Structure formats: C-alpha cells, structure tokens
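Biologist: Thanks for sitting down with me. Could you bring up the structure so that we can go through it together?

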Amino acid sequence: MKRLTYILPVLGLLLLLAGSCTVQNTNQTVETDSILDAYWTLVSLEGQDVQRPQNTQTAFIRFEEGKTSVHGFTGCNRFFGKYELNGQNLALSGLGSTRMACPDMDQENQLLDILSRVDSYRISGEVLTLYANETAVATFMAGTEESIDNDARQGGVIKY
C-alpha cells in the first residue's frame with residue numbers, strides 16, 4: 001500500500017507533463033505552390049550560379065496576382081512587363097527596363113534575354129525554375145519583400 005502511495009503521485013505527474021508536451025517540426029520549409037506574389041531571388045542562369053558583383057543588389061522577379069504585371073530587378077536596373085499563365089506555360093512580353101550604366105552588364109543582358117525566351121515553369125518547394133524549349137534557363141528561390149536587399153526599396157515599398 002505504501003508503494004502505491006508513492007507511485008500514484010509520480011504517475012499523475014508524468015501524465016500531467018506528457019499532456020502538456022507538444023512535438024514541433026523544427027525543420028520547416030516554405031512550400032510555395034504558386035508563382036504569384038512571391039519575391040523570387042535569382043540563383044542561377046543557364047546552369048551557372050549567379051555571382052553577385054561587389055556593390056550590386058539582389059536580382060529578383062515578381063509576378064503580381066490579379067494583374068498581368070511582372071517586375072523585378074536585374075542587379076543593376078529595374079525591369080517590368082507583362083506575363084501570361086496557362087497551367088505550367090508562361091510567356092513574358094513587353095519587357096523593358098531602366099537604363100542605368102553598371103560596371104558589368106553581362107548578367108543583366110543575359111537575364112533579360114532569358115526572360116524573353118521563357119515558355120514554362122515549375123515550382124519545387126521554394127525553388128522556381130524557368131524553362132525555354134524544355135531546358136532550364138533560370139532558377140530562383142522564394143523570398144519576401146524584406147529579403148530583397150536593393151535600392152529599389154524606398155520606405156519599405158518597392159516602387160515600379
């Protein structure tokens with residue numbers, strides 16, 4: 001009987017502690033299921049990792065939901081245009097950009113050329129891959145407005 005007197009409070013305490021414990025997934029990843037309204041940060045062009053030259057900002061692209069507008073930043077200049085989605089098919093048109101001179105325009109010219117040729121896309125987790133004729137031509141990582149570290153931000157709002 002004495003043994004039971006000691007065991008019951010211990011069991012009660014264990015049950016109380018077990019009931020208040022929760023298991024949390026500490027390895028959370030953001031799954032993006034839409035190309036729209038994310039800030040997609042440029043990772044690679046035609047299979048080559050993008051090297052951000054010194055004194056430049058992060059290149060990104062954004063497809064606005066409810067509109068047909070696309071805009072972004074090449075690392076030197078802002079760009080803008082229209083997009084059309086049909087399932088996994090994607091077409092960009094009317095692309096234009098500001099024309100500031102930058103020390104290295106190669107990456108910017110390559111990105112704008114690639115965007116004009118894009119015809120489809122795929123999303124896997126937080127990675128967006130753009131394709132031209134079934135060949136991966138550009139890869140982006142999902143981000144937020146706060147993750148973009150460029151001068152196009154003014155007062156917390158990206159201006160286009």
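Modeller: A word on terms before we start: two strands pair if DSSP finds at least two bridges between them. Please also keep in mind that this is a predicted model.

Biologist: With that in hand, how many bridges join E3 to E4, and which way do the two strands run?

Modeller: The cut-off for pairing is at least two bridges. E3 and E4 are joined by four bridges, and they run antiparallel. Within this pairing, the residue opposite His71 of E4 is Arg62.

Biologist: Which residue takes a positive phi in the hairpin of E3 and E4?

Modeller: The hairpin has five residues between its strands. The positive phi there, near 80°, belongs to Gly66.

Biologist: How many residues of strand E4 are buried?

Modeller: Look at the two faces of E4 in turn. On one side Ser69, His71 and Phe73 are buried, and on the other Val70 and Gly72 are buried, so both faces are covered. The strand spans residues 69–73 and is largely enclosed by the rest of the structure, because the buried count is five of five.

Biologist: Let's turn to aromatic rings. How many aromatic pairs does the structure hold?

Modeller: A pair of aromatic rings is described by the distance of the centres and the angle of the planes. By that kind of description, the number of aromatic pairs in the structure is two.

Biologist: What kind of pair do Tyr39 and Phe60 form?

Modeller: Their ring centres are 5.7 Å apart. Both residues are buried. Tyr39 lies in strand E1 and Phe60 in strand E3, so the pair ties together parts that are 21 residues apart in sequence. The planes meet at 50°, so the pair is tilted.

Biologist: What about the rings of Phe63 and Tyr83?

Modeller: Here the ring centres are 5.4 Å apart. Phe63 in strand E3 and Tyr83 in strand E5 are 20 residues apart, so the pair links distant parts of the chain. Phe63 counts as buried at 0% relative accessibility, and Tyr83 counts as buried at 8%. With the planes at 90°, this pair is edge-to-face.

Biologist: Which residue lies over the face of Tyr131?

Modeller: The distance to the ring centre of Tyr131 is 4.3 Å. The residue lying over that face is Arg122.

Biologist: Which residues touch the most other members of the largest nonpolar core?

Modeller: That core has 26 residues. The residues that touch the most other members are Phe63, Leu90, Leu130 and Phe140.

Biologist: Which element gives the largest share of this core?

Modeller: The largest share, however, is four residues, and its source is helix H2.

Biologist: Is Ser97 buried or exposed?

Modeller: Ser97 lies in strand E6 and touches Arg78, Phe79, Phe80, Glu108 and Leu112, not counting residues up to four places away in sequence. The cut-off for buried is under 20% relative accessible area. At 17%, Ser97 therefore counts as buried.

Biologist: How far apart in space are Val137 and Glu46?

Modeller: Val137 is in strand E9 and counts as buried at 5% relative accessibility. Beyond its neighbours within four places in sequence, Val137 is in contact with residues including Ser44, Leu45, Glu46 and Ile114. Val137 and Glu46 are 91 residues apart in sequence, yet their C-alpha to C-alpha distance is 4.3 Å.

Biologist: To finish with the whole protein, how many helices and strands are there?

Modeller: Along the sequence the pattern reads α-β-β-β-β-β-β-α-β-β-β-β-β. Buried residues make up 36% of the 160 residues. The protein contains two helices and eleven strands.

Notes
Residues are numbered from 1 along each chain as its sequence is written. This is a predicted model: local features need pLDDT of at least 70, side-chain atom pairs count only at pLDDT 80 or more; totals for chains, interfaces and linings use all residues. Side-chain values use heavy atoms; hydrogens and water are left out. Rings of Phe, Tyr and Trp (its six-membered ring) pair if their centres lie within 6.5 Å; planes under 30 degrees apart count as stacked, over 60 as edge-to-face and the rest as tilted. Buried means under 20% relative accessible area, exposed over 50%, partly exposed in between (1.4 Å probe, protein chains only). A charge sits over a ring if NZ of Lys or CZ of Arg is within 6 Å of the ring centre and within 35 degrees of the ring normal. A nonpolar core is a set of buried Ala, Val, Leu, Ile, Met, Phe, Trp, Tyr and Cys residues joined through side-chain atoms within 4.5 Å. Contact means heavy atoms within 4.5 Å.
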